[in-house]
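Please look through the structure below with this briefing beside it.

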Amino acid sequence: MIALLARDLKLSMRAGGGALIGVLFFMTVVAVIPFGVGPDLNLLARIGPAILWIGALLASLLGLDRLFQAEREDGSLDLLLMQETPLVLTVFVKCLAHWLATGLPLVIASPLLGLFMNMDEVAIGATTLTLLVGTPAITFIGAAGAGIAVALPRGGLLVSILVLPLAIPVLIFGVSAVYAAIQDPAPFLPPFLILVALNLFFAVIGPVAAAAALRLSSD
Amino acid sequence: MSEPSLAIRKFSDLANPTRFLALVAIVWPWLAGLTVCLFAVGLYLSFASVDDYQQGQTVRIMYVHVPAAWLSMMCYTVMALSALGTLVWRHPLADVSAKAAAPLGAGFTLVALITGSLWGKPMWGTWWVWDARLTSVFVLFLMYLGLIALNRAMDDPTRAAKASAILILVGFVNIPIIKFSVEWWNTLHQPASVIRMDGPTIDPAFLWPLLIMAFAFTMLFFTLHVLAMRNEILRRRIAVLRRHAARSAGEAA
Amino acid sequence: MRLVAEGLSARRGEDLIFRDISFEIAGGEALLVKGANGSGKSTLLRVLAGLLAAEAGTVRLLAATQPVERLGEAAHYLGHRNAMKRELTVEENLTFWKAFFGDFAGGAGVCVDEAVDTVGLGGIAHLPFGYLSAGQQRRMAMAKLLVAWRPVWILDEPTAALDVAAERMFAGLVTAHLSRGGIAIAATHQPLGLEGLRELRMTGFTGAAETVW
């Protein structure tokens, strides 16, 4: 399993890997927002956490469709399916590798982008923390979509369409927790803990669904 | 089609598409008739009922809106049960049932959204409010559309059925979470003045037409569902015949 | 060790590809699956590997060194595609598969260098897989069979795109595998250069396909 993790990480670093593309996309999305809403620093500070979250959500979905499709195209998926190792575990490890390669860079880049958005220290810290907890959930539930659309030649857009409605709770509680941290009366912990719970829940349901879909899709 | 072997003795006999088609041929005129009668009574009562003292005429929208919203959820439940049938019992009719239900569900959800919006304009002064219910119904609508898109994207019906079955079940598990989170989000942002549909009690004068309309809509769903399933079975038979034709042409050559 | 297949039928989409295929192979024996294009050779192999659900019938591995639920757990599958990543070096690819496969009870795979030497490509393991020619890539995919021990080899057109020398090399690999008590099942048009093999001739299913509709 560690071998699989190492291989997927290596693959994402090599040419054609998606590790950097996600961060670039994230930065670009966040960078174009001020052009849309205007350079008002107060407004940007207010909507900043939401922008970062939406940017991270979209960037996490980017490249998710290749998670299993690349394995299927070169025949590796067949061999992964045949092993004694439970497929759910294999899928879980692949998700983990995908998150380390694409999700974690987003989390690391978010404080920098927070500065661009004129957010204060608390807001930046809260956004980074919630992204750290929330982006794995998006990857896990996205894996279910990727497994379902694995056999489709142009599954990329479809994966996003299928996954986005399911990811709404993550977005809601992620952003809620950030705003709760900034605005005094609302407590930070409840939404944050729900976000953690969502993460754990998706960490189970995503790989299970993806594994079932992969088994059924093989032919 | 009068051989005794086609008689349906057990529920599992419905697994046979031919028997199912025979049953549909008998049942659907009755279902359709019942639907028409219920709608006649329901619509009459809806229009005959008194105006609400607050909402006036617009209360009648409720007689369409609430049943449609109820069906948007029931239809997903039917699809989830069918999805179980596909994955657990590998029942070919379950594939057909789930596939036939998706556009119906999308349709009823759209009706619920449109009527909700029509009702909202005079009540709330705007076509759309990010109210918890409207929002979760809208998300449900998006999920229906995603399912339809997935079904259309795959050309092999058996595989499409399995893939959508998994998606349906994942969605089914997630719907309560989405609903819960949308409500949380809503209480966080909502201005307190929005009028809610669910008053403390519903007057019986409104309840009866509403119940009958809900029943009529449910029957309408079953009629359409059964007919859509019949069409889908016939469509697959045609596909099989075409494939046979292609193969026998290849052999003759 | 015996591999027993009983009454196998398989369907692809709506079409019944073959039906009622039974055979039995003992350790040290090889089975050559022959037949025209579209006769269902690949489908049979995928059913054996557990990648495609059989419509009917069972595949069992009896008296194996470790109990198996599915034959796939005890088998190597060499399909049309090589299952190697173009971006990684050959060595990285093979090291990954060696670690991921693990050895089946009762045998041990050779180390990566030795496997690469055995397929006759020693010295280029440090190159990215994508740089190799089609023939070299196929040989490296064969090296994958050697790095982890599996008693059963399921080979789908293993020597397509290979020259005569490589074919002979591969025949040697299979012979060595059989002499260790392994089982090999290969679908192929070409003679594998092996003597005294049992053959299964697939005719394809030509009758009217039954359908639920």
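Two residues are said to be in contact when heavy atoms of theirs lie within 4.5 Å. This is a predicted model, in which local features need pLDDT of at least 70 and side-chain atom pairs count only at pLDDT 80 or more, whereas totals for chains, interfaces and linings use all residues. Residues are numbered from 1 along each chain as its sequence is written, chains are lettered from A and ligands numbered from 1 in the order in which they are written, and side-chain values use heavy atoms, with hydrogens and water left out.

**Where chain A meets chain B**

- The contact draws on 28 residues from chain A and 27 residues from chain B.
- Buried area is the accessible area (1.4 Å probe) that two parts lose on being put together, summed over both, and for chain A and chain B this comes to about 2300 Å², with 85% of it on carbon and sulfur atoms.
- A:Ile148, A:Leu166 and A:Leu216 supply 25% of the area that chain A buries against chain B, which is more than any other three residues.
- The elements that give two or more residues to this side of chain A are α7 (121-148), α8 (155-182) and α9 (189-217), where helices are DSSP runs (H or I, at least four residues) numbered from the N terminus.
- Of the elements on that side, α9(A) gives the most, with 12 residues.
- Across this interface the rule finds 0 salt bridges, a salt bridge being a side-chain nitrogen of Lys or Arg within 4 Å of a carboxyl oxygen of Asp or Glu.

- B:Glu232 is placed in helix α6 (residues 204-252) of chain B, and it counts as buried because its relative accessibility is 6%.
- Leaving aside neighbours within four places in sequence, B:Glu232 is in contact with B:Val96 and B:Lys99.
- The C-alpha atoms of B:Glu232 and B:Thr158 are separated by 13 Å, and the two residues are 74 residues apart along the chain.

**A helix of chain C**

- Helix α1 (residues 41-49) of chain C is mostly covered, since 8 of its 9 residues are buried, among them C:Leu44, C:Arg46 and C:Val47.
- Just after α1(C), C:Gly50 takes a positive phi of about 85°.

Note on methods:
Buried < 20%, exposed > 50% of the residue type's maximum accessible area, 1.4 Å probe, protein only.
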